[in-house]
Amino acid sequence: MMLQTFVRAGKLLALAAACCSLAGCWDMVEVNQLAIVDLVGMDREPGNGKYTTYYQVINPPGIAVQKGAGIKAPVYTYKVDGFSAVELAEKTFDIVPRRPFYDHYQALIVSERFAKEGLREMLNFLEKRPDRRATIHLLVTDSPLSDMMKTYIPLERLPGRTERSMIEFQSKYSGRESKRSRMKDLVENMEGSILTVLPIVSLSGTKPMPTTKRYEQIDANQGNYVTKGAAVFKHDRMIGRLEPSDTSWFYLLDGRIGVLNESMIINGERVDLQAPKPEVRRQLAAVSGKPVLKMDIYAQAQIYDNDQNVKLTEQNLAEIKAQFNEQVKKKASEFYEKTKRLGWDLLGIEAQIKRKSGKEWADIKKEEGAWKKTELQLAVHCTIRTIGTTIDPYKEKRG
């Protein structure tokens, strides 16, 4: 009995000693002492290099379920300007009465002029911070940055979360964006030849919606965020933009598209196909001393809409598939040739050529700008997986 008592006492002492070694919450900070940043916007004046930074800080009572008269602001926007990161930090504490907390902000928006000037200094500063967020989405805006940061968004109270959700849903359902639009995706290509593509976002309407009266209006289009194509970056600098009609072809050829939507005219009527996550197989080969990019696209599509006034027979299905294959091949090839004329190696062909070995590739590497001479040999293979709840479209009756 005495032995059991000593053993039990020894276990308790060991447990107490282990608890004493735990750090616990010695550095805990109450939520009401933090300024939780949800969205950051940055601009830089080309002439004098002056930075302007906007911080959108969450107001917790404003995003909770609200009762009674009036609506509390879900976020507050603070504007700070200065010529260096140190000056910006000092001025932030001059106007923000709480400790800024950046660990959960959703996105960083930069002005178009800042993107064209180059983001190297900003990226270097952010990469050195221990609380850096490399996975946040990095976006470019062609609207006034102050308008973007001083508007309330319908449906979603937090604009930063809106930006993140828009990119994720666009990449999944429209194929016009990609989740690889994070800060880390730009940083990884800073010192190489591979280009980076980041979303461009704008403010719809003629003016921002800076008060909570915005939530009493039914028109969700006005004062809302909309995507408008993508910015092309070489290293840290924006060198051009892709129009919304171009982005899906880039993501298709790059193998990152979430869904490919294509409309066709068959028998004089519209037919829409939707192909989720088409498979892209690509191989860079040397043929007769020239680089050739061989690409096969395999799409399992479904008929999204069919306005034909004919039965959906095997012959008609074969016609739909052939039209889809030819149309996708034509548009994707035209986009590829367009990017070559602009001098944009969006598919990273130059980097692939550098990794090749052998005598034939050694001769190709000697040519300056060899990637521009790369021929695209594209083949599209479509199968129609599902048709829908009705097989034949309803016929138009006359008279």
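Reader: How many helices and strands does the protein have?

Author: The predicted model contains 12 helices and 14 strands.

Reader: Where is confidence lowest, and where is it highest?

Author: The lowest mean, 53, belongs to helix α1 (residues 2–21), and the highest, 97, to helix α4 (residues 112–117). Across the protein the average pLDDT is 87, and 87% of the residues score at least 70. Where pLDDT is low, the predicted coordinates should not be read in detail.

Reader: How many aromatic pairs does a search of the whole structure find?

Author: The search finds 5 aromatic pairs. One of them joins Tyr 152 and Tyr 215.

Reader: Why is the pair of Tyr 152 and Tyr 215 called tilted?

Author: The ring centres lie 5.8 Å apart, and the limit for a pair is 6.5 Å. The planes meet at 45°, whereas stacked requires under 30 degrees and edge-to-face over 60. The pair is therefore tilted.

Reader: What makes this a link between distant parts of the chain?

Author: Tyr 152 lies in the loop between α6 (145–149) and α7 (159–173), while Tyr 215 lies in the loop between β7 (196–203) and β8 (225–234). The two residues are 63 residues apart.

Reader: Are Tyr 152 and Tyr 215 buried or exposed?

Author: The relative accessibility of Tyr 152 is 8%, and that of Tyr 215 is 18%. Buried means under 20%, so Tyr 152 counts as buried, and so does Tyr 215.

Reader: What makes the pair of Phe 169 and Tyr 173 stacked?

Author: The angle between the planes is 20°, and the stacked class takes angles under 30 degrees. Because Phe 169 and Tyr 173 are 4 residues apart in helix α7, about one helical turn separates them.

Reader: Why does Phe 169 count as exposed and Tyr 173 as partly exposed?

Author: Exposed means over 50% relative accessible area. Phe 169 has 51% and therefore counts as exposed. Tyr 173 has 49%, so it counts as partly exposed.

Reader: How do you know that Arg 157 lies over the face of Tyr 215?

Author: Arg 157 is 4.2 Å from the ring centre of Tyr 215. The criterion asks for CZ of Arg within 6 Å of the centre and within 35 degrees of the ring normal. Arg 281 is likewise placed over the ring of Tyr 298, with its charged end 4.5 Å from the centre.

Technical notes
Residues numbered from 1 in each chain as written. Predicted model: local features only at pLDDT ≥ 70, side-chain atom pairs only at ≥ 80, totals over all residues. Heavy atoms only, no water. pLDDT = per-residue confidence, 0-100. Phe/Tyr/Trp six-rings, centres within 6.5 Å; stacked < 30°, edge-to-face > 60°. Buried < 20%, exposed > 50% of the residue type's maximum accessible area, 1.4 Å probe, protein only.
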